[in-house]
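Subject: Handover of a structure and its findings

Dear colleague,

Please find below the structure that I am handing over to you. My findings follow it, arranged by topic.

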Amino acid sequence: MSFYLIAPKDVSKYVGHKKILFVDIRDKDEYLAAHIEDAIYIPYEELEERAEMLKNYRMLIIYCDRGN
């Protein structure tokens, strides 16, 4: 497993690809207010328990409001 940082200006290159999933781990209200197209909401605390669901994707792009 590898981890990479993606610059905000490059995110649009990944939107719409079938084997790439955007995972929004911000607060639920922030997700409901606005999110990346086709992103799903998973609270940070639930990422590990939902790993089985996520394993079918070639790439996961996980984003939050902290910038790390």
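Ile62 counts as partly exposed because its relative accessibility is 43%, which lies between the 20% limit for buried residues and the 50% limit for exposed ones. Please note that this and every other value in this message comes from a predicted model. Ile62 is placed in strand β3, which covers residues 59–63. Together with Tyr57 and Leu60, Ile62 makes a nonpolar surface patch of about 240 Å².

I turn next to the salt bridges. Side chains of opposite charge can pair when their charged atoms come close. The count of salt bridges comes to five. In one of them, the side chains of Glu52 and Lys55 meet at 2.8 Å, taken from N to O. Both partners are exposed: Glu52 has a relative accessible area of 55%, and Lys55 has one of 54%. Elsewhere, salt bridges that share partners join Lys9, Asp10 and Lys13 into one network. Lys13 is exposed, with a relative accessible area of 55%.

A further salt bridge links the side chains of Glu46 and Arg50, with an N to O distance of 3.4 Å. Are these two residues exposed or partly exposed? Glu46 is partly exposed, since its relative accessible area is 29%. Arg50 likewise counts as partly exposed, at 25% relative accessibility.

The second largest pocket also deserves a description. Rolling a probe the size of a water molecule over the atoms shows where empty space is left. The second largest pocket holds about 210 Å³ of space. Which residues lie nearest the centre of this pocket? They are Ile25, Arg26, Tyr44, Asp65 and Arg66, out of twelve residues that line the second largest pocket. By kind, the lining divides into six charged residues, five nonpolar ones and one polar one.

Although Asp38 is not a glycine, its phi is positive, at about 70°. Asp38 is found in the loop that runs between α1 (28–33) and β2 (40–41). With a relative accessibility of 58%, Asp38 counts as exposed, because that value is over 50%.

Phe3 is exposed, with a relative accessible area of 70%. Phe3 and Tyr31 are 28 residues apart along the chain, and their C-alpha atoms are separated by 23 Å. Val15 also lies in the segment before β1. At 26% relative accessibility, Val15 counts as partly exposed. Between Val15 and Ile36, which are 21 residues apart along the chain, the C-alpha separation is 8.0 Å.

With kind regards

Methods:
Residues are numbered from 1 along each chain as its sequence is written. This is a predicted model: local features need pLDDT of at least 70, side-chain atom pairs count only at pLDDT 80 or more; totals for chains, interfaces and linings use all residues. Side-chain values use heavy atoms; hydrogens and water are left out. Patches are made of residues with over 30% relative accessible area and no salt bridge: like charges are joined within 9 Å, nonpolar side chains (Val, Leu, Ile, Met, Phe, Trp, Tyr) within 5 Å. Accessible areas come from the Shrake-Rupley method with a 1.4 Å probe; for residues, only the protein chains shown count as cover. A salt bridge is a side-chain nitrogen of Lys or Arg within 4 Å of a carboxyl oxygen of Asp or Glu. Helices (H or I, at least four residues) and strands (E, at least two) are DSSP runs, numbered from the N terminus. Buried means under 20% relative accessible area, exposed over 50%, partly exposed in between (1.4 Å probe, protein chains only). On a 1 Å grid over the protein atoms alone, a cavity is a set of points where a 1.4 Å probe fits but cannot get out, and a pocket is an open set with protein on both sides within 12 Å along at least five of seven lines; lining residues have an atom within 4 Å of a point. Grid points are joined across faces, edges and corners, and a volume is the space filled by probe spheres set on the points. Ala, Val, Leu, Ile, Met, Phe, Trp, Tyr, Cys and Pro count as nonpolar, Asp, Glu, Lys and Arg as charged, and the others, Gly among them, as polar.
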